[in-house]
Structures are given as C-alpha cells and as structure tokens.
Amino acid sequence: VRTSAMFFFAMLVLSSLLASSSADNPLSKGWGDEIAWRSLDDGLAEAKESEKPLMLLIHKSWCGACKALKPQFADSSEIRKLSEHFIMVNVQDDEEPKDPKYSPDGSYIPRILFLGSNGEVKRNINNAANNPSYKYYYSDPHQITAMMNTAIQQLASARMAALL
C-alpha cells in the first residue's frame with residue numbers, strides 16, 4: 001500500500017510539472033518555453049509598433065522533420081539568445097497562414113521566414129545555400145542561428161539607412 005501511495009504521489013507531481021510547463025507558455029508548443037512566442041496577429045502588430053523584425057516558424061504536429069528539429073531548436077541557447085532581437089511567432093497545423101506570401105517557394109514544412117517590422121517577408125533571408133530547392137527549410141539549429149544573425153545584420157542596416 002505504501003509503495004502504491006508513493007507511486008501515485010510521484011505521478012501526481014510529475015503530471016503537475018508537465019502541465020505547468022505547457023501552461024507557462026502555451027504558444028511554445030515545445031519549441032522553447034523560454035522564448036517570448038506570439039500569435040501571428042499579435043506578432044505582426046507588435047513588430048509594427050516596436051519596429052523589430054519577426055521570425056515566423058511554420059510547422060505541423062504530425063511532421064517527422066518538424067519533430068526532429070523541435071528538441072534541437074528548444075535546447076539551443078543561441079536561438080534563445082538571438083530570439084530577443086525578434087518578435088517570435090510559432091504557428092502549427094491550422095494556424096498556418098493561408099496568404100501565399102508565407103509560402104514563397106512552396107508550402108513544405110517546417111519553414112522559417114523572416115519578416116520586416118512592416119510584415120513583409122524578406123525573401124532574400126533564406127537557407128538557399130544549404131537547400132536550394134527549399135529555401136526556407138532548416139534542418140538544424142546552426143543553419144537557423146546563422147540566418148538569425150544574417151537577418152539581424154540586414155534588417156538593422158536597413159533600419160539605420162531609413163534613419164539617415
């Protein structure tokens with residue numbers, strides 16, 4: 001009886017921890033609870049107001065490539081650090097925007113797009129060097145952080161030029 005009571009207590013604590021983790025940041029969907037994720041509508045509005053660029057992650061819950069990338073993305077301290085320079089948006093399944101501008105070279109998944117603060121997809125910020133057929137597909141965190149750094153440099157330069 002004592003063993004089953006301890007097992008029950010342990011399971012209760014574990015389920016409580018798991019529930020609080022997803023409840024703390026339901027927009028993360030497992031892609032990094034420490035990242036300040038926004039919905040697409042909120043993210044676009046915040047990007048416009050703050051003049052920060054937006055990084056849009058489009059994925060599906062059933063996608064094998066998405067499932068493979070998710071824990072690597074979530075565990076990357078560099079992605080977490082660089083995310084502070086962006087409005088971060090994470091859409092899954094039916095949340096995927098229907099506007100064709102969010103599928104510049106197809107509707108494969110996962111896709112990561114970088115948008116200016118005006119909501120315009122920056123088609124030149126892509127992973128074509130690693131995958132010319134699927135320019136917005138990233139298979140590992142190193143590719144993502146390289147493009148996040150590129151986006152920061154390009155979009156900061158454009159912002160500075162607009163101020164001159």
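This is a predicted model: local features need pLDDT of at least 70, side-chain atom pairs count only at pLDDT 80 or more; totals for chains, interfaces and linings use all residues.

A: Let us begin with burial: a residue is buried under 20% relative accessible area, exposed over 50% and partly exposed in between, with a 1.4 Å probe and protein chains only. Helices (H or I, at least four residues) and strands (E, at least two) are DSSP runs, numbered from the N terminus.

Q: How many helices and strands does the protein chain contain?
A: The protein chain has 5 helices and 4 strands, in the order α-β-α-β-α-α-β-β-α from the N terminus. Of its 164 residues, 38% count as buried.

Q: Which residues of strand 3 lie on each side?
A: In a regular strand the side chains alternate between the two faces of the sheet. In strand 3, Ile87, Val89 and Val91 are on one side, and Met88, Asn90 and Gln92 are on the other. Both faces are covered, as all of these residues are buried.

Q: In which sense do strand 1 and strand 3 pair?
A: Two strands pair if DSSP finds at least two bridges between them. Strand 1 and strand 3 are parallel, with 2 bridges, and arginine 38 has valine 89 as its bridge partner in strand 3. Strand 2 (residues 54-59) also runs parallel to strand 3, joined by 6 bridges; here leucine 56 stands opposite valine 89.

Q: Where does arginine 111 lie, and what does it touch?
A: Contact means heavy atoms within 4.5 Å. Arginine 111 belongs to strand 4 (residues 111-115) and counts as buried, because its relative accessibility is 0%. Beyond its neighbours within four places in sequence, its contacts include Leu56, Glu96, Ser103 and Tyr136. A polar contact is a pair of N or O atoms within 3.5 Å; within protein, one must be able to donate a hydrogen and the other to accept it, and residues adjacent in sequence count only if both atoms are side-chain atoms. The side chains of arginine 111 and serine 103 make such a contact at 3.4 Å.

Q: Is serine 28 buried or exposed?
A: Serine 28 is buried, because its relative accessible area is 2%. This serine lies in the loop between helix 1 (2-24) and strand 1 (37-38). Not counting residues up to four places away in sequence, serine 28 touches Asp33, Trp37 and Asn90.

Q: How many aromatic pairs are found in the whole structure?
A: Rings of Phe, Tyr and Trp (its six-membered ring) pair if their centres lie within 6.5 Å; planes under 30 degrees apart count as stacked, over 60 as edge-to-face and the rest as tilted. The search finds 4 aromatic pairs. One of them joins phenylalanine 86 and phenylalanine 114, tilted at 50 degrees between the planes and 5.6 Å centre to centre. This pair links distant parts of the chain, 28 residues apart: phenylalanine 86 is in the loop between helix 4 (77-82) and strand 3 (87-92), and phenylalanine 114 is in strand 4. Phenylalanine 86 is buried at 3% relative accessible area, and phenylalanine 114 is buried at 1% relative accessibility.

How values were computed
Residues are numbered from 1 along each chain as its sequence is written. Side-chain values use heavy atoms; hydrogens and water are left out.
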